[in-house]
Each structure stands twice: as C-alpha cells, then as structure tokens.
Amino acid sequence: MRTTLTKKERTHRQILAEAANAIRIKGPERVGVAEVMNKLGLTHGGFYAHFASKEDLIAQAITSMFDQGPPIPT
C-alpha cells in the first residue's frame with residue numbers, strides 16, 4: 001500500500017487547508033484564488049493544475065472541512 005504523497009498531492013492538500021481556513025474566517029464568498037495561492041507561495045496559474053474553478057476549490061475545501069470535523073480551539 002502506498003503511504004507517501006506526491007508533490008502534487010501535498011500541494012493540493014495544502015491549498016485545500018488554506019482555502020478551508022479562509023472560508024472559516026471570511027466565508028466562502030470572500031475567498032480569492034490569488035489570495036489562497038499567494039499565502040502558500042504559489043502562482044495563480046498553478047491553481048488550475050489542481051482545480052477546475054474557484055467553485056471547485058470551495059466545494060472541495062468545504063467537503064474537506066466536514067471530513068475533518070470541527071477545528072480544535074487553541
């Protein structure tokens with residue numbers, strides 16, 4: 001069974017995590033692709049190697065949030 005992630009898989013997960021964080025803070029309608037990518041040091045153009053659209057990103061990020069459960073308070 002494969003246990004290591006490829007670079008693309010790691011990047012995809014990082015983008016989802018950053019988008020989920022932005023959604024929690026600002027709501028899905030105020031999340032920008034460029035903002036999410038910039039926070040990770042990635043380009044806006046690279047986004048399309050991972051997602052078909054902003055709507056696709058939002059949908060996957062929200063699904064990921066539900067899969068993970070509520071955030072742990074700090």
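The structure is a predicted model, in which local features need pLDDT of at least 70 and side-chain atom pairs count only at pLDDT 80 or more, while totals for chains, interfaces and linings use all residues. Residues are numbered from 1 along each chain as its sequence is written, and side-chain values use heavy atoms, with hydrogens and water left out.

The protein has 3 helices and 0 strands, where helices (H or I, at least four residues) and strands (E, at least two) are DSSP runs numbered from the N terminus. Read along the sequence, these elements follow the pattern α-α-α. Of the 74 residues in the protein, 30% are buried; here buried means under 20% relative accessible area, exposed means over 50%, and partly exposed lies in between, with a 1.4 Å probe and protein chains only. Among contacts (heavy atoms within 4.5 Å) between residues at least 6 apart in sequence, 57% join residues at least 24 apart.

In soluble globular proteins, nonpolar side chains tend to be buried together. A nonpolar core is defined as a set of buried Ala, Val, Leu, Ile, Met, Phe, Trp, Tyr and Cys residues joined through side-chain atoms within 4.5 Å. The largest such core in this model has 16 residues, and those with the most contacts inside it are Ile 15, Ile 23, Val 31, Phe 47, Phe 51 and Leu 57. Two or more residues of this core are given by each of α1 (7–26), α2 (33–39) and α3 (54–68), and α1 gives the most, with 6 residues. When residues up to four places away in sequence are not counted, Ile 15 touches Val 36, Met 37, Leu 40, Leu 42, His 50, Phe 51 and Leu 57.

His 50 is placed in the loop between α2 and α3 and counts as buried, at 16% relative accessibility. Leaving aside neighbours within four places in sequence, His 50 is in contact with Lys 8, Thr 11, His 12 and Ile 15. Thr 11, which lies in helix α1, is likewise buried, at 12% relative accessibility, and touches Leu 42 as well as His 50 when residues up to four places away in sequence are not counted.

The 15 residues of α3 should span 21 Å at 1.5 Å a residue, and the end C-alpha atoms of α3 are 21 Å apart, which agrees; the expected span is 1.5 Å times one less than the number of residues. The buried residues of α3 are Leu 57, Ile 58, Ala 61, Ser 64 and Met 65. Because they cover an arc of only 130 degrees around the axis, they are on the same side of α3, the arc being that of the directions from the helix axis to the C-beta atoms. These buried residues pack against α1, whereas the face of α3 turned away from its buried side carries the exposed residues Glu 55, Phe 66 and Asp 67.

A search of the whole structure finds 1 salt bridge, a term that denotes a side-chain nitrogen of Lys or Arg within 4 Å of a carboxyl oxygen of Asp or Glu. Glu 35 forms this salt bridge with Lys 26, the closest N and O atoms being 2.5 Å apart. Glu 35 is partly exposed, with a relative accessible area of 29%, and Lys 26 also counts as partly exposed, at 28% relative accessibility.
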